[in-house]
Amino acid sequence: MTFTNSTGPKILQRTVNVRTTEDGWVFTLLNGARLTDPADPLLEAATQVMDVLSELRAVGRGADAVGPADV
């Protein structure tokens, strides 16, 4: 996912890759650097997006659904 931050004439775009593991989501930048600092606004925004997507995906699942909801 790509986040855009514009302050005045400057525009900054950051792309975050997301993959799932047994421990949850892993967020990385395009250069492979992992986002791990909970205070990082980029990590917070990416986590919030994934939380919402997971909730939306779970809404349409029936009672007979098995396994975690795919996002």
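1. Confidence by element. This is a predicted model. Within the protein, mean pLDDT is highest in β3, at 94, and lowest in β1, at 85. The average over the protein is a pLDDT of 85, and 83% of the residues score at least 70. Where pLDDT is low, the predicted coordinates should not be read in detail.

2. Elements. The protein contains three strands and one helix. Along the sequence their pattern is β-β-β-α.

3. Sheet order. The three strands make an open sheet, ordered β1-β2-β3, with antiparallel pairing. Because β1 and β3 (24-29) are at the edges and each has a single partner strand, one side of each is left without a neighbour in the sheet. On average, neighbouring strands of this sheet are turned by 30° against each other, direction ignored.

4. First pairing. Strand β1 covers residues 2-7 and strand β2 covers residues 10-21; the two run antiparallel and are joined by six bridges. Thr7 has Lys10 in β2 as its bridge partner. The two strands form a hairpin with two residues between them, and in the turn Gly8 has a positive phi of about 65°.

5. Second pairing. How many bridges join β2 to β3? There are six, and these strands run antiparallel. The hairpin that joins β2 to β3 passes through two residues. Two pairs can be checked in the viewer: Thr20 stands opposite Trp25 in β3, and Arg19 stands opposite Val26 in β3.

6. Helix on sheet. Which strands does helix α1 touch? The helix, residues 41-59, packs on the sheet and touches β1, β2 and β3. The direction of α1 makes about 135° with that of β3.

7. Nonpolar core. The largest nonpolar core has nine residues: Phe3, Val16, Phe27, Leu29, Leu35, Leu42, Leu43, Ala46 and Met50. Two or more residues of this core come from each of β3 and α1. The helix α1 gives the most, with four residues. As general background, nonpolar side chains tend to be buried together in soluble globular proteins.

8. Thr28. Neighbours within four places in sequence aside, Thr28 is in contact with Thr15, Val16, Asn17, Ala33, Arg34 and Leu35.

9. Burial and surface. Of the 71 residues in the protein, 15% are buried. The accessible surface of the protein is about 5400 Å², and carbon and sulfur atoms account for 53% of that surface.

10. Contact range. Taking contacts in the protein between residues at least 6 apart in sequence, 19% join residues at least 24 apart.

11. Points to keep in view. The sheet is open and antiparallel, with α1 packed on it. When comparing the strands, keep in mind that mean confidence is 85 in β1 and 94 in β3.

Conventions: Residues are numbered from 1 along each chain as its sequence is written. This is a predicted model: local features need pLDDT of at least 70, side-chain atom pairs count only at pLDDT 80 or more; totals for chains, interfaces and linings use all residues. Side-chain values use heavy atoms; hydrogens and water are left out. Two strands pair if DSSP finds at least two bridges between them. Axes are lines fitted to C-alpha atoms, for helices over the stretch in contact, and angles run from 0 to 180 degrees between N-to-C directions. Contact means heavy atoms within 4.5 Å. pLDDT is the predictor's confidence in each residue, from 0 to 100. Buried means under 20% relative accessible area, exposed over 50%, partly exposed in between (1.4 Å probe, protein chains only). Accessible areas come from the Shrake-Rupley method with a 1.4 Å probe; for residues, only the protein chains shown count as cover. A nonpolar core is a set of buried Ala, Val, Leu, Ile, Met, Phe, Trp, Tyr and Cys residues joined through side-chain atoms within 4.5 Å.
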